[in-house]
Amino acid sequence: RLNAEMWSRKVDDKVAYLVGFEKGGTTLHSTRLRIGYVSGSGFHNSTTTARSMRSQYSKHNRMFVDVYCYSAQGDDGSEPRATIKAGCATFVEMVGWSHQQMAERIRDDNVNVLIDTTGYTMNMQTEVFAIGPSPVQVQFHGFPGTMGSE
């Protein structure tokens, strides 16, 4: 836990200049919840997250949920990534984007719940979560421990 808290403070320091960043996702569009997944590893076949969760993205009830996926690495041409991409209402390639640009896009998409599928692993995007583009943010699957953030 102490190591995670130390990393979290370092990440917070990197984005401290964005302290007034306005969150998105504070309103529901009709009755649809917008859930966003961020993958620093680009939903690549080389990750257990992509291989084990590839069908999850299409399982949300589309009458009530819109699924957004944000990829921080390019297409590896794999079947898991193609399945994930097909299961999303919106799939955004964010290769080469700054953390601020990524957070702004997520905010502008009005994502209500944002899920970090990478954590402190390959090509982590924790700065995006420290900026806070969504009112509810969680870490799931990619990192088997606490992120140490508040």
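## A buried tyrosine pair

Tyr-68 and Tyr-70 are both buried. The model is predicted. A search of the whole structure turns up 1 aromatic pair. Tyr-68 and Tyr-70 form that pair, and it is stacked. The ring centres lie 6.4 Å apart, with 15 degrees between the planes.

## The sheet

Five strands make an open sheet in the order E3-E2-E1-E4-E5, with parallel pairing. Strand E3 (90-93) and strand E5 (136-139) are the edge strands, each pairing on one side only. From one strand to the next, the twist averages 20 degrees.

Strand E2 spans residues 65-71 and pairs with E3 in the parallel sense over 4 bridges. Tyr-68 has Thr-90 in E3 as its bridge partner. Helix H3 (residues 79-86) lies across E2 and E3. Helix H3 runs at about 125 degrees to E3.

## Two nonpolar cores

The largest nonpolar core has 14 residues. Val-38, Tyr-70, Met-94, Ile-106, Val-111, Leu-114 and Val-128 touch the most other members. Two or more residues come from each of E2, helix H4 (99-108) and helix H5 (126-131).

Which residues does Ile-106 touch, not counting residues up to four places away in sequence? The contacts are Val-38, Tyr-70, Met-94, Val-111, Leu-114, Val-128 and Pro-133.

Notes. Residues numbered from 1 in each chain as written. Predicted model: local features only at pLDDT ≥ 70, side-chain atom pairs only at ≥ 80, totals over all residues. Heavy atoms only, no water. Pairing = 2+ DSSP bridges. Axes fitted to C-alpha atoms, helices over the stretch in contact; angles between N-to-C directions. Contact = heavy atoms within 4.5 Å. Phe/Tyr/Trp six-rings, centres within 6.5 Å; stacked < 30°, edge-to-face > 60°. Buried < 20%, exposed > 50% of the residue type's maximum accessible area, 1.4 Å probe, protein only. Core = buried A, V, L, I, M, F, W, Y, C linked by side-chain atoms within 4.5 Å.
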